[in-house]
Structures are given as C-alpha cells and as structure tokens.
Amino acid sequence: MRQNALSNLLFDLWDDLQDPGLLGQVVTLVFCLVIGWAVARLVRQRITAHDTQLRVVRLGVESFSRVLSPLIALAMIAIATPLLGQWQRVNLLKVAMPLVGSFALIRLSFYVLHRVFARGGKAGIFLSIFEKVFAILVWSGVALYITGWWPDLVQYLEQTVLPIGRNKVSLLTALQAAISVLVTLMIALWASATLEERLMRMDSVHSSLRVVMARMGRAVLILFAVLISLSLVGIDLTVLSVFGGALGVGLGLGLQKIVSSYVSGFVILLERSLAIGDVVMIDKYSGQITQINTRYTVVRGPDGVETVIPNEMLLSGPVLNYSLTDRALRLFTRVTVGYQTDIDLVLRLLEQVAAGIPRVSSNPAPQAYLIKFEADGLELELGFWIADLENGRANVLSDVNRAVWKMLQENQIQVPYPQREVRLIDHLPASETRTSQAVRAT
C-alpha cells in the first residue's frame, strides 16, 4: 500500500512535468505566495498606522503577523486547486498545500513559544532544541502524508494498547490527549502574555490594577484551558468534585499560608496600598519594591540585596511606605556651634548651602532651626526635602554635610567639642586628714 501510494505520487508528478499545463500550476503557486506576502504586509502597515483607532484589531494582527502570510497563501491555494482542477492536473498544488500549511504551523508554534517563554530575552537552550525537534516532527508528518504512509501510522497507533490500571488506552488516544492539553495550555499562555503586554501599555490605568488584571486574566485563561482540554480528552468534569474535596482538606491541613499569601497579593493590588517603585520598610527589610506577584513581593535594598517577602506579611503587619501618597521625604542633619557665633547668619548660610545641592527640593525650601542650648554650644538642625527617595538617602545627606562643613571652614565658624577640666588636689584640709587617720587606725 505504501509503495503504491508513493509510486502513484511519483507517476502523477512525472505526468505533470510532461504536461504543458505545469506552467499554469507554477504560476498559480507563485501568485498565491506573492499575494499572501503582499496582503500580510499591507495589513500590518495599515493597522500600525491606525494604532490609536484600531487597538483591538492591531492586537490580533500583531499576534498572527508571523503566520499571516503563509495562511493567506494556503487559503488561496486551497481555493485555486479545485478551480484549476476543472481544466488540468493539479498534483503540484496538492503537494504544495501540506508544505505551506506545515510552514505556517511551525511559524505559529515558534512565535507562541517565544511569546510565552522568551519575552524580552533570548531563547534558552531547551527552547531552541524543542523548536528543532518540533520542526523535524512536523516535516516528518508532512512527508508521511505525501508518501501515503500516514494512514498506516495512524492504524498502528490505534492498535497499540497501553494498560493503565484496569483500563486499556490506545497509543493514539494518549497522544491525542497529550496534544490537546499541550495546545490548549499554550494558547492560554500565549493569550495571557499578549493581554499582559497590552495592559502594561495602558498608562491611564494604575500599575497595581494593571498587574492584578493581568494575573487574574492568566489564571482564568489557564483554568478554561484545563477544562477544555479535559473535555477534549473525554474526562468527565464531575470527577473534579473529588479533587475539590481533596484540595479543601489540603488547604485546611497545610496550605493556609500559601493561600493566604495568594489572597493577600490580590488584595494589595486591588486596594493599591503598595505599588511597584514604592520605597518601603517591612519588619527589618527596607528598599524599593521591584515586583508584586500573587504570592510574594520583591524588595530591593540600597545594597542591592533582594528580599522575597510573602504577601501575608504585608497585610498582617505594619508597613512603612515612604511614597504612598507623596514621594517627598524630609531629612535633617545637626551641628553644634559656639556661643559666640552669629546665629542668624549661620542659619541663613545653612539654608543657602542646602539649597545648592541638586537633589534637595526647593519647594518646600530647606529650613534651619536653633534646637537647644547644650553645655558645649548651640545645637542647630538643618532640615530639607528630597523627591527621589529611590536614589538613596545616605548619598544626599553626605553631600549636605560636606557642603555644611566647607561653609563653616570658609566663614571660620567654630564647631566646639566637649571639654572637661580635671583638677588634682595635693593637700587635704586638716579635718579631712584627721578623719582619714581615724579610719585607718580603726
């Protein structure tokens, strides 16, 4: 049977080579390919030019732009084959259809894999190997279909039975189940990745709300993909009730912390108490929030160390947020000057020095105060505001202190240091001498 199919294919192609109508098939095939490429290019250009008016349409076109050209060409070949077949042989077009279709399938699969697993980065070694293996499998399937070996392969897989417990499942059914689950999950992940990218570009929506919408969209799509794949496999969805009961027992026994962190993550994103970029202090950890995931939040400290904090801690304990409603933060430094110093002049110079630092805000302006009278001198406080806390506090405080010290030296303003006078008494009074002698005698 396989030899007959292959022989028939070769004889048909040989007959087409001797047929004067072969030129018409070649012209038709080239025309379909060129039209597919031109239409895809034209559609992409027009949708890109009208980005603001056709956002939803552009979303779909961008998603399928890599396979739009072969799909259009395949559709045109499918239409042209029966029309041209009324007057001449179309064996060349029949062979071209599975080839173009397999090319579209490979490009679509590669695009989806990159969108899901390699967004914004390079593809890993495993992904590259998987792409090569997948391409080999697709081209092998096309070769089997063209040579007529495909029905024999399907029959062999259907007759091969795998014992699974008390039931027996054919190898063909198992492969169909695995493929259906894989395809539905990949489509769900691809759709969620596209949705997340679109949401992150919506500047009019709060960043926390965009994150929670993306997370919820991915969860819903994956849930639907699992349910659809189970239905395609033939599994009754009522068996999920048993799984739900087992899950409830598991939550009651040992998954409270995990579920609490997941719920806390959605609450934080919905109420907008924290956002990416906020500078916070949680327990003994402080830094800038770089990620808010459904289970944990990543805080990057000033030293570059990243801390993974479960979201449950963000709801059950106090959180010091330096940039919740206003990113401005007040810092201060103190200095002591001698009692003979002109206080009004020093206070004015301190304010001018702080105002000259680039990161110090001009509104509100720096202010200097006389705090209290110390034993060694007058204690002054210089307060100032910064609006970019994420760039650090120690560096700007160091700049202000260096400028203050330079100003004090230039104006010869004395900074006193603690002085203590110690007196050594050589001779004690007579009464104290008699008392000490009586004590020694006793």
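## Basis of the model

The model is predicted: local features need pLDDT of at least 70, side-chain atom pairs count only at pLDDT 80 or more, and totals for chains, interfaces and linings use all residues. Residues are numbered from 1 along each chain as its sequence is written, and side-chain values use heavy atoms, with hydrogens and water left out.

## Overall make-up

The chain holds 15 helices and 10 strands. Both are DSSP runs, numbered from the N terminus: helices are H or I with at least four residues, strands are E with at least two. The chain has 442 residues, and 32% of them are buried. Buried means under 20% relative accessible area, exposed over 50%, and partly exposed in between (1.4 Å probe, protein chains only).

Contact means heavy atoms within 4.5 Å. Of the contacts between residues at least 6 apart in sequence, 64% join residues at least 24 apart. The chain exposes about 28,200 Å², and carbon and sulfur atoms supply 63% of that area. Accessible areas come from the Shrake-Rupley method with a 1.4 Å probe; for residues, only the protein chains shown count as cover.

Strands pair if DSSP finds at least two bridges between them. Axes here are lines fitted to C-alpha atoms, for helices over the stretch in contact, and angles run from 0 to 180 degrees between N-to-C directions.

Strands S3 (279-282) and S4 (285-292) pair over 4 bridges in the antiparallel sense. Met281 stands opposite Ser286 in S4. The two strands form a hairpin with 2 residues between them, and Asp283 in the turn has a positive phi of about 60°. A hairpin of 3 residues then leads from S4 to S5. S4 and S5 run antiparallel and are joined by 4 bridges. S5 and S6 pair in the antiparallel sense over 5 bridges.

Thr297 lies in strand S5 (296-300). It counts as buried because its relative accessibility is 1%. Thr297 is the bridge partner of Ile292, and its own bridge partner in S6 is Ile309. Leaving out residues up to four places away in sequence, Thr297 touches Ile289, Gln291, Ile292, Thr307, Val308, Ile309, Asn311 and Leu314. With Asn311 there is also a side-chain to side-chain polar contact from Thr297, at 2.7 Å. A polar contact is a pair of N or O atoms within 3.5 Å; within protein, one must be able to donate a hydrogen and the other to accept it, and residues adjacent in sequence count only if both atoms are side-chain atoms.

Asn293 sits in the loop between S4 and S5. Asn293 is buried too, with a relative accessible area of 13%. Not counting residues up to four places away in sequence, Asn293 touches Arg215, Gly265 and Asn311.

## The three-stranded sheet

A second open sheet has 3 strands in the order S8-S10-S9, again with antiparallel pairing. S8 and S9 (367-373) are the edge strands, each pairing on one side only. The twist averages 25° from one strand to the next.

S8 and S10 run antiparallel, joined by 9 bridges. Thr333 has Leu382 in S10 as its bridge partner. Helix H13 packs on this sheet and touches S8, S9 and S10; its direction makes about 25° with that of S10.

## Nonpolar cores

A nonpolar core is a set of buried Ala, Val, Leu, Ile, Met, Phe, Trp, Tyr and Cys residues joined through side-chain atoms within 4.5 Å. The largest has 29 residues, and Leu350 and Leu380 have the most contacts inside it. Strand S8 (329-337), helix H13 (343-355), strand S10 (378-386) and helix H14 (394-410) each give two or more residues to this core. H13 gives the most, with 7 residues.

Beyond its neighbours within four places in sequence, Leu350 is in contact with Val335, Ala368, Leu380, Leu382, Val404 and Met407. Another core lies apart from this one; it has 12 residues, among them Ile268, Ile289, Ile292 and Val299.
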